[in-house]
Amino acid sequence: MKSIQSRLFLMLLIFIILPYFLSVLLIYIHTKDRIETHELENNQEQMEKLSVELEQYFEDMVNLPYILYRKPDFFRMFTNRFEDSIYFNQIAMEENIETFYLMRHEIRQVRFYLDKYKESFTVYNAIISARKSHPDFMKQDEIQKLYHSNSQFLIEPPHKIGNYNNAAIVPDSDKTMVVTIHHKIVDVLSNEFLGVTSIDMDLDAYARICNTLIQKKKETVLLINSNDIVMYANDSSLIGKQANPALLKQVKNSSVDKDENIVMAKTLSEPLNQWKLVKITPSKLLFSDVRQTAYINTLVGIGVGLLGVLMIGIVSYRITRPIKLLSNKVRTIEGGNLDVPFDDNREDEIGHLEKHIKEMMNRINLHIDRQYKLEIENRKNQFRALKSQVNPHFLFNALQSIGAVALKHNSAKIYQLVTSLSKMMRYSIRADQWVKVQEEVDYIKAYLTLQMERFGNHVNYSILINETILEKKIPSMILQPLVENYFKHCYEEGYYDGHLNIDGEIHGNTLYLVVENDGSSITQTELELLRKNIYSGPYEGTFSQEHIGLKNIHDRLVLHYGLDAGLMVDTKQGQGFIVQLVIPLNGSNL
């Protein structure tokens with residue numbers, strides 16, 4: 001992420017797209033929770049309402065036998081024989097029984113048990129059966145529970161309708177599932193047990209109430225009694241069976257698992273004491289609208305996000321493209337191409353930059369033309385002037401002729417001196433070329449041979465440079481002026497006891513060549529002035545134009561090797577003079 005375009009793209013992505021998605025996520029979470037809560041509350045309200053309806057319905061059914069207490073003739077049949085009870089008006093009695101049967105359309109069969117005479121008779125399809133003896137009636141489990149309980153009624157779990165007295169009026173084809181309500185008949189004054197009224201009713205009436213809870217497919221509604229028997233379920237295979245223990249555990253813990261099924265339960269009160277109305281809804285079904293909304297929001301978010309990324313890419317590209325073009329132009333300048341076209345017609349900040357860079361490049365090109373190129377040309381002129389002081393080719397040929405004459409006259413010494421001078425002239429022809437350190441040392445030795453002939457045994461010198469350094473390449477005539485200065489400032493001024501030492505060593509990636517003497521020296525003030533002149537800019541003063549001296553050597557080194565190269569001068573605590581050449585070894589010519 002180093003480029004401006006990448007950083008701008010990332011910044012826009014973070015500050016635009018990321019907040020958008022976070023807002024969409026927060027809105028989705030908030031909306032989802034609100035809708036889920038609303039759905040759950042709505043279902044709870046429905047269950048509250050339906051539980052009241054169920055309680056009211058069963059209360060009506062349970063209280064139905066109390067009508068018997070308001071009809072003396074009808075009630076008298078439990079205390080006297082049937083013939084006696086209808087003695088006065090048998091037709092009216094039958095009509096009363098039929099009316100009782102027809103009071104509710106869900107009643108399928110009614111059985112009357114007269115405990116005093118151990119007899120019972122049934123009413124089916126508004127037809128009264130004959131009385132039959134029923135001595136084992138009280139031994140039935142459900143009747144025993146009712147008889148020994150404090151309650152006046154008992155609701156038996158759903159079962160197929162039965163032919164209680166094997167009466168012909170009940171066909172075998174009737175397989176209706178019914179719920180039976182057994183009701184104790186007692187004497188109000190004496191609390192004497194008189195008999196039992198059993199009402200078989202089909203499930204349709206309260207099934208319709210329960211099914212009101214079912215609003216979507218795959219939902220399940222259950223009505224479970226206090227003994228955990230399913231009194232009703234929209235799945236008919238569950239009716240009359242024991243409820244699932246896992247379901248009962250969920251109902252007991254009132255758990256809501258939003259990942260699988262949502263189980264909501266309502267405990268009913270009298271007359272359905274401890275019964276439970278249970279609704280099971282798959283979470284995917286209940287929250288389908290929520291999920292659909294989430295999917296739509298997600299798709300819209302992805303679409304907006306992709307569009308946003310595209311727009312951010314376009315915006316970042318349009319903004320950063322001029323900057324990239326300007327950067328490429330600057331890189332082209334770094335590569336050495338100074339003739340880069342700039343668009344100064346733009347009226348924005350980039351156009352302002354291009355205009356000023358163009359003006360700057362024009363000034364730089366003008367400066368290079370006037371300064372840098374002039375400096376290089378001046379160096380070449382200096383080298384040409386050095387070579388042209390005495391015509392090297394002519395002088396070299398003349399010396400060769402003089403050496404030949406010396407040999408003819410048996411003058412070996414003259415031949416040796418002429419040969420040394422000849423070597424120097426041959427080397428001077430290469431004054432603007434690169435040479436090995438070995439060649440520069442040979443040139444200095446030839447020069448010293450001539451000086452020893454001039455000054456005799458007073459010339460003391462040593463050259464200590466190992467073979468590794470001798471193979472390195474340096475600009476020609478970089479050491480000779482230093483040796484020449486030694487004779488100029490020592491021997492020519494009367495210092496004959498000085499010793500000249502030429503040394504070379506490598507430290508790290510830098511070559512150090514040292515020319516030092518222990519003869520004449522300069523004061524500290526003169527040393528500072530000399531350093532100031534050496535390190536001054538080109539053409540400042542007249543010091544560097546008088547001769548190829550110390551400043552010329554320093555400038556040549558900087559010109560060839562850069563600012564890491566150069567020349568350093570010093571004294572040995574006020575004695576002698578030291579010149580050190582610093583040459584980086586990473587130069588292309590080494």
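Residues are numbered from 1 along each chain as its sequence is written. In this predicted model, local features need pLDDT of at least 70 and side-chain atom pairs count only at pLDDT 80 or more, while totals for chains, interfaces and linings use all residues; side-chain values use heavy atoms, with hydrogens and water left out.

Colleague: What is the mean pLDDT of the protein?

Modeller: The pLDDT is the predictor's confidence in each residue, from 0 to 100. In this protein 77% of the residues reach 70 or more, and over residues 541–548 the pLDDT is below 50. The mean pLDDT of the protein is 78.

Colleague: Which strands stand at the edges of the four-stranded open sheet?

Modeller: Helices (H or I, at least four residues) and strands (E, at least two) are DSSP runs, numbered from the N terminus, and two strands pair if DSSP finds at least two bridges between them. The sheet has antiparallel pairing in the order β9-β8-β11-β10. Each edge strand has a single partner strand, so one side of each is left without a neighbour in the sheet. The edge strands are β9 (230–233) and β10 (261–267).

Colleague: Which residue in β9 is the bridge partner of I224?

Modeller: Strand β8 covers residues 220–224 and pairs with β9 in the antiparallel sense over three bridges. The bridge partner of I224 in β9 is V230.

Colleague: How are α13 and α15 oriented to each other?

Modeller: Axes are lines fitted to C-alpha atoms, for helices over the stretch in contact (heavy atoms within 4.5 Å), and angles run from 0 to 180 degrees between N-to-C directions. The axes of α13 (residues 437–455) and α15 (residues 480–489) come within 10 Å and cross at roughly 15°. Angles under 35 degrees count as roughly parallel, over 145 as roughly antiparallel, 65 to 115 as roughly perpendicular and the rest as oblique. Helices α13 and α15 are therefore roughly parallel.

Colleague: At what angle to β9 does helix α6 run?

Modeller: Helix α6, residues 204–211, lies across β8, β9 and β11 (276–282). Its angle to β9 is about 65°.
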